[in-house]
Amino acid sequence: MRRASGEGRYAERTLFGVDDVGDEERIVIWIERRPGAVWAVGRAVNPQLRESDEPRPEDVVFEGFELGDALERANEALEDDVRVLEEDGRPAEARPFTRKEVLPLLERWFFNR
């Protein structure tokens, strides 16, 4: 049974590519807010094939207290994956993560507690 755990995610991007044997793969990069005012950036390949939506420890590419740092790391991961997809001849378009996208969700969480 799959358990959903996306409620702490503030932004997410999904890219589609192919793996080494030519099968389609899905790459998901996200920014989430964790307990203790920690921002985390995650990256998972083919999460839809897992038994749980819970991120694995190896999925976390950044943890820290500054939203700006999380945005920077998320965009670096996104740019890296887009570059690889383009080098493989795959169309890859993804808008960057922005503070403007994340802040309204953070404010909603903060004021509705």
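For the first entry I count two residues as touching when they have heavy atoms within 4.5 Å, and I keep in mind throughout that the model is predicted.

**Glu25.** I looked up Glu25 in strand β2, which spans residues 24–34. Leaving aside residues up to four places away in sequence, I find that Glu25 touches Leu15, Phe16, Gly17, Val18, Asp19, Val45 and Asn46.

**Aromatic pair.** My search of the whole structure returned 1 aromatic pair. The ring centres of Tyr10 and Trp39 are 5.3 Å apart and their planes stand at 80°, so I record the pair as edge-to-face. Tyr10 belongs to strand β1 (residues 9–18) and Trp39 to strand β3 (residues 38–45), and the pair thus links distant parts of the chain, 29 residues apart. I also noted that both Tyr10 and Trp39 are buried.

**Charges over rings.** I then turned to the arginines placed over aromatic rings, where I noted that Arg9 has its charged end over the ring of Trp30, 3.8 Å from the centre of that ring. I noted also that Arg13 lies over the face of Phe97, at 4.4 Å from the ring centre.

**Salt bridges.** I count 9 salt bridges, and I wrote out three of them, starting with the one between Glu101 and Arg13, whose closest N and O atoms are 2.7 Å apart. Glu101 is in helix α2 (residues 99–111) and Arg13 in strand β1, so this pair ties together parts 88 residues apart in sequence. Arg13 is buried, its relative accessible area being 5%.

In the next one, Glu63 pairs with Arg34, with 2.5 Å between the closest N and O atoms. Since Glu63 lies in strand β4 (residues 60–64) and Arg34 in strand β2, the pair ties together parts that are 29 residues apart in sequence. Buried or partly exposed, I asked of Glu63? Glu63 counts as partly exposed at 48% relative accessibility, and Arg34 counts as partly exposed at 21%.

Arg50 and Asp59 meet in a salt bridge of 2.6 Å, N to O, and I find both residues buried. Lastly, I noted that salt bridges with shared partners join Arg13, Arg95 and Glu101 into one network.

Note on methods:
Residues are numbered from 1 along each chain as its sequence is written. This is a predicted model: local features need pLDDT of at least 70, side-chain atom pairs count only at pLDDT 80 or more; totals for chains, interfaces and linings use all residues. Side-chain values use heavy atoms; hydrogens and water are left out. Helices (H or I, at least four residues) and strands (E, at least two) are DSSP runs, numbered from the N terminus. Rings of Phe, Tyr and Trp (its six-membered ring) pair if their centres lie within 6.5 Å; planes under 30 degrees apart count as stacked, over 60 as edge-to-face and the rest as tilted. Buried means under 20% relative accessible area, exposed over 50%, partly exposed in between (1.4 Å probe, protein chains only). A charge sits over a ring if NZ of Lys or CZ of Arg is within 6 Å of the ring centre and within 35 degrees of the ring normal. A salt bridge is a side-chain nitrogen of Lys or Arg within 4 Å of a carboxyl oxygen of Asp or Glu.
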